[in-house]
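Colleague: I am new to this structure and would like to understand the terms used for it. Could you put it up and talk me through them?

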Amino acid sequence: MPINPDQLRTLVVRPVLAALDLSAPDVAENLLMGTAAHESHLGDFIKQVGGGPAMGIYQMEPATLNDCYENYLNYPSRADLKAKVDAFLAQSPMTSGTNGAPAGPDKATQLATNLAYATAMCRIRYYRAPAAMPSDANDLDGLAAYWKQYYNTPLGAGTTQQFIADYHRYIG
């Protein structure tokens with residue numbers, strides 16, 4: 001059963017985007033909602049069907065997660081943004097990380113177990129794209145094309161028509 005779209009939007013996506021304080025929150029909100037609607041049918045699947053490595057409602061692969069850190073967030077000039085993203089990581093008082101600080105599940109696991117962190121990482125994936133997001137938050141054709149180019153990629157199996165159909169089906 002999918003996640004209620006209004007609750008996902010108001011209790012997870014919108015607050016995470018506000019905390020990250022990145023550009024175009026309205027466009028990003030609809031883009032992330034559409035991504036979740038298409039990639040996981042709004043939470044029906046949190047592990048890639050068919051045995052692939054993608055995890056969470058946005059179906060991000062661990063390699064993509066690692067690339068976001070290694071080639072973007074780990075740069076010293078982005079320390080503040082990295083701190084905002086990492087603030088969403090779940091910590092466990094039962095385990096100990098470096099310097100005795102609490103540690104939680106690894107980041108790849110948290111793509112499936114932590115909605116806020118997965119949302120932050122999906123936003124980072126789009127924020128890194130070389131082209132600006134569509135200017136109109138309600139332009140589903142533009143959002144679908146952006147998703148296809150920068151999230152699914154031109155070689156991915158998804159289509160813009162599927163993205164739009166899933167947006168309508170799961171979000172309305």
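Colleague: Which residues line the largest cavity?

Modeller: Bear in mind that this is a predicted model. The residues lining the largest cavity are Leu17, Leu20, Leu22, Ser23, Pro25, Ala28 and Arg123. Helices α1 (5-20) and α2 each supply at least two of the lining residues.

Colleague: What makes this space a cavity and not a pocket?

Modeller: A 1.4 Å probe fits in a cavity but cannot get out, whereas a pocket is open. The search of the whole structure finds 1 cavity of 30 Å³ or more, and about 30 Å³ of space lies in the largest cavity.

Colleague: What classes of residue make up the lining of that cavity?

Modeller: There are 5 nonpolar, 1 polar and 1 charged residues. Leu, Pro and Ala count as nonpolar and Arg as charged, so Arg123 is the charged one.

Colleague: And which residues lie nearest the centre of the largest pocket?

Modeller: Those are Glu39, Gln48, Ala54, Gln59 and Asn152, out of 19 lining residues. The lining has 6 nonpolar, 9 polar and 4 charged residues, and its largest share, 3 residues, comes from α2. About 500 Å³ of space lies in this pocket.

Colleague: Why is α6 called roughly perpendicular to α7?

Modeller: Helix α6 (residues 115-127) and α7 pack at about 95 degrees, with axes 9 Å apart. Angles of 65 to 115 degrees count as roughly perpendicular, so α6 is roughly perpendicular to α7. Cys122, Arg125 and Tyr126 of α6 make the contact with Tyr146, Trp147, Tyr150 and Tyr151 of α7.

Key:
Residues are numbered from 1 along each chain as its sequence is written. This is a predicted model: local features need pLDDT of at least 70, side-chain atom pairs count only at pLDDT 80 or more; totals for chains, interfaces and linings use all residues. Side-chain values use heavy atoms; hydrogens and water are left out. On a 1 Å grid over the protein atoms alone, a cavity is a set of points where a 1.4 Å probe fits but cannot get out, and a pocket is an open set with protein on both sides within 12 Å along at least five of seven lines; lining residues have an atom within 4 Å of a point. Grid points are joined across faces, edges and corners, and a volume is the space filled by probe spheres set on the points. Helices (H or I, at least four residues) and strands (E, at least two) are DSSP runs, numbered from the N terminus. Axes are lines fitted to C-alpha atoms, for helices over the stretch in contact, and angles run from 0 to 180 degrees between N-to-C directions. Angles under 35 degrees count as roughly parallel, over 145 as roughly antiparallel, 65 to 115 as roughly perpendicular and the rest as oblique. Contact means heavy atoms within 4.5 Å.
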